[in-house]
Amino acid sequence: MRKLFVAGNWKMNLDCEGGCHLAETLKQQVGDVSDVDIAVCPPAVYLKPICDVLNGSNIAVGGQNMHTESSGAFTGEVSGPMLLDVGCDYVIIGHSERRHVFGETDDFIAEKVSKALKDGIKPIVCVGETIEQREAGKMKEVVCRQVESALKSVDAEAMDSVTIAYEPVWAIGTGHTATPDQAEEVHAIIRSLLADLFDNGVAETTVIQYGGSVKPANATELLGQKNVDGALVGGASLTAENFIPIIEAAQKLS
Ligand code: PGA
């Protein structure tokens, strides 16, 4: 059975003191959890202090983005080796805000996924359609194109280290979460695509998170879907009061 994976994407929120305090609370309350994988993804400048706080717990830390090069003249960027250096295990790649606000293309995202794996960091690869694409009947086409492109240089063995996050753009930060049926439909589509791109083993073992307005009130139903293996949580990951019940919902289903 796939292990549920709950990750918090803090985006550009919290300050150093607030982030460390949240990490400390998580460590005390869910730091020993082993039946669910847990990660937090703070802003780059807080990665080191948060890694230090969470050291020795079961809560992993991830970056929110990385560049395709290890070092060089790329002002403002952070590299995979830098993420590793401060203690990160994961990196979010291809989040819809990176795609839509910062213009990241499918090709650039594919290069980042490949580089993360080369560097030994586990990518959380985000995909998802806009409301216009969904209403035009293009959800499947868009999501499959994004998944296929992001994984084009990844071989079956490396898929062990890859998490996919289905995040419909219309559900991110809007409070309009996908219904459990809508999420399950897309997750099943992605899993069947993985069987085509790789094999049934990869399809069965790859963790596919749902993201988009996940909160304590809807976590159990969403995570209870057959093909939903966890959550990538934005707004509700910013307080222990909201994030911990989502982890506990995952534990109850494990
Ligand atoms: P949200 O964000 O939970 O605030 O909708 C999810 C995400 O963007 O990863």
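Residues are numbered from 1 along each chain as its sequence is written, and side-chain values use heavy atoms, with hydrogens and water left out. Because the model is predicted, local features need pLDDT of at least 70 and side-chain atom pairs count only at pLDDT 80 or more, while totals for chains, interfaces and linings use all residues.

**Stop 1: the salt bridges**

The whole structure contains 13 salt bridges. A salt bridge here is a side-chain nitrogen of Lys or Arg within 4 Å of a carboxyl oxygen of Asp or Glu.

Select Arg2 and Glu204. They form a salt bridge in which the closest N and O atoms are 3.5 Å apart. Arg2 sits in the segment before strand S1 (5-9) and Glu204 in helix H9 (residues 200-205), so the pair links parts of the chain 202 residues apart. Helices (H or I, at least four residues) and strands (E, at least two) are DSSP runs, numbered from the N terminus. Arg2 is buried at 16% relative accessible area, whereas Glu204 is partly exposed at 49%. Buried means under 20% relative accessible area, exposed over 50%, and partly exposed in between (1.4 Å probe, protein chains only).

Next select Asp229 and Arg191. Their side chains meet in a salt bridge at 2.7 Å, N to O. Asp229 is in the loop between helix H10 (216-223) and strand S8 (230-233), and Arg191 is in helix H8 (residues 180-197), 38 residues apart. Both Asp229 and Arg191 are buried. Now show Arg2, Arg191, Glu204 and Asp229 together: salt bridges that share partners join these four residues into one network.

The last pair at this stop is Asp106 and Arg145, with a salt bridge of 2.9 Å, N to O. Which of the two is buried and which partly exposed? Asp106 is buried at 17% relative accessibility, and Arg145 is partly exposed at 43%.

**Stop 2: the pockets**

Select Ala44, Gln64, Asn65, Arg98 and Phe102. Among the 20 residues that line the largest pocket, these lie nearest its centre. The pocket holds about 520 Å³ of space. Its lining divides into ten nonpolar, six polar and four charged residues. For these classes, Ala, Val, Leu, Ile, Met, Phe, Trp, Tyr, Cys and Pro count as nonpolar, Asp, Glu, Lys and Arg as charged, and the others, Gly among them, as polar.

Pockets and cavities are found on a 1 Å grid over the protein atoms alone: a cavity is a set of points where a 1.4 Å probe fits but cannot get out, a pocket is an open set with protein on both sides within 12 Å along at least five of seven lines, and lining residues have an atom within 4 Å of a point. Grid points are joined across faces, edges and corners, and a volume is the space filled by probe spheres set on the points.

Move to Asp160, Ser161, Val162, Thr163 and Val207, which lie nearest the centre of the second largest pocket, out of 15 lining residues. The volume of this second pocket is about 270 Å³, and its lining has seven nonpolar, four polar and four charged residues.

**Stop 3**

**Stop 4: the cysteines**

The structure has zero disulfides, a disulfide being a pair of cysteine sulfur atoms within 2.5 Å. Select Cys88: its nearest cysteine sulfur, that of Cys51, is 4.5 Å away. Cys88 is buried, at 3% relative accessibility.

**Stop 5: Ser237**

Finish at Ser237, in the loop between S8 and helix H11 (240-253). Ser237 is buried, at 0% relative accessibility. A polar atom of its side chain lies 2.7 Å from the backbone oxygen of Gly234, and a polar atom of the Ser237 side chain lies 3.1 Å from the backbone oxygen of Val233. These are polar contacts (a pair of N or O atoms within 3.5 Å; within protein, one must be able to donate a hydrogen and the other to accept it, and residues adjacent in sequence count only if both atoms are side-chain atoms).
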